[in-house]
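Please keep the sequence and the model in view while reading.

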Amino acid sequence: MHGEYKVPGGKLVVVDLDTRDGVLRDVAVAGDFFLEPDEAILAINRSLEGAPADTDAAGLAARIDAALPPGTTMYGLTSEGVAVAVRRALAHATDWNDYDWHLVHEAPQSPALHMALDEVITAEVASGRRPPTLRVWEWGAPAVVIGSFQSLRNEVDPAGAERHGITVVRRISGGGAMFIEPGNTITYSLSVPDALVQGLSFADSYAYLDDWVLGALGDMGVKAWYQPLNDIATEAGKIAGAAQKRVVADEGAVLHHVTMAYDIDADKMLDVLRIGREKLSDKGTKSAKKRVDPLRRQTGLPREAVIERMIASFRSRYGLTEGRVTDEELARAQELAATKFATEEWTARVP
């Protein structure tokens, strides 16, 4: 069995192993990390040899930590990263490069239709009728997108939304509210087979699925990192938030979508969103205006150029074929938008 895992902000870890009589055998750890002293790699292999195959990642990491020689130094490697690679090998997880990735980047759509397209496209990936897909959104109208479990009245000021002509929609994933203006926002979705995140915890899958965008931001001069559970942050402030939804039907799939602030009208946002003091204190800041630091300021690039560079970065890593939403997918999404995402029943399902 073979498993790979790129440690967030670090290097690639590769594990080859077998199992016999319910325990790990012939474990060999490799990768492009740095490790001192040399014998530490042998200690890691020995620590995993004979471990019960059902040991979770935390248990495997503990075995590794206990076996490391005194003074061991890891660069781009963690014991947890090795443990995740082991779990991915045991789960027969796939890798990004195992797939023919498709790009969907089409004309602006209404907020409700975007919600529906995420659901339809991810279901198609789960069924195997569509390859894994990167969809870059273009917004047809300003919106507030609230999480699946958020209270509508607690998150949105209806008078403010009406005053600024802002549509409120509810997505199928959890997480917090997003304030959207078409020219100020960059949003993308990844609809991926469940096999790609096998062996990862729910929390680890967030950073794993967005590692490519951290690299793309780095190429644009923005040093960014993942701030658990679901924020992408820089020294200047938060620049993006992510959310996920798991599809269990057919072969299974994961919807992972991210909204990034290219620019932001903070006064308008505060007039529309009801941002509580508890949320702000949890983020370590006293002002909502300071929570988000737009990409326009940090990159100095036009929004279209940022998107182009993000797509180019993904393509250089994993390959990317130009695709489109099929007529059948669009028809299903339009029906779903009308009967679900544009309805008061769905939007106010948590009043």
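In helix α2 (residues 57–67), the buried residues are Leu 60, Ala 61 and Ile 64; buried means under 20% relative accessible area, exposed over 50%, and partly exposed in between, with a 1.4 Å probe and protein chains only. These three cover an arc of only 100° around the axis, which puts them on the same side of α2. The arc is that of the directions from the helix axis to the C-beta atoms. On the other side of α2, Ala 58 and Ala 66 are exposed. The buried residues of α2 pack against β3, α1 (40–48) and α3 (79–90), where contact means heavy atoms within 4.5 Å.

The model is predicted: local features need pLDDT of at least 70, side-chain atom pairs count only at pLDDT 80 or more, and totals for chains, interfaces and linings use all residues. Residues are numbered from 1 along each chain as its sequence is written, and side-chain values use heavy atoms, with hydrogens and water left out.

Helices (H or I, at least four residues) and strands (E, at least two) are DSSP runs, numbered from the N terminus. Two strands pair if DSSP finds at least two bridges between them. Strands of a sheet pair through backbone hydrogen bonds, either parallel or antiparallel. Two open sheets are set out below.

| β1-β2-β3 | antiparallel | β1 (2–6) and β3 (23–31) |

The twist averages 20° from one strand to the next; axes are lines fitted to C-alpha atoms, for helices over the stretch in contact, and angles run from 0 to 180 degrees between N-to-C directions. Strand β2 (residues 12–20) is joined to β1 by 5 bridges, and Gly 3 stands opposite Val 15 in β2.

Val 145 stands opposite Val 169 in β9.

Confidence is given by pLDDT, the predictor's value for each residue from 0 to 100. The protein chain averages a pLDDT of 94, and 95% of the residues score at least 70. Over residues 283–287, pLDDT stays under 50, and the model has 7 contacts for them beyond four places in sequence.
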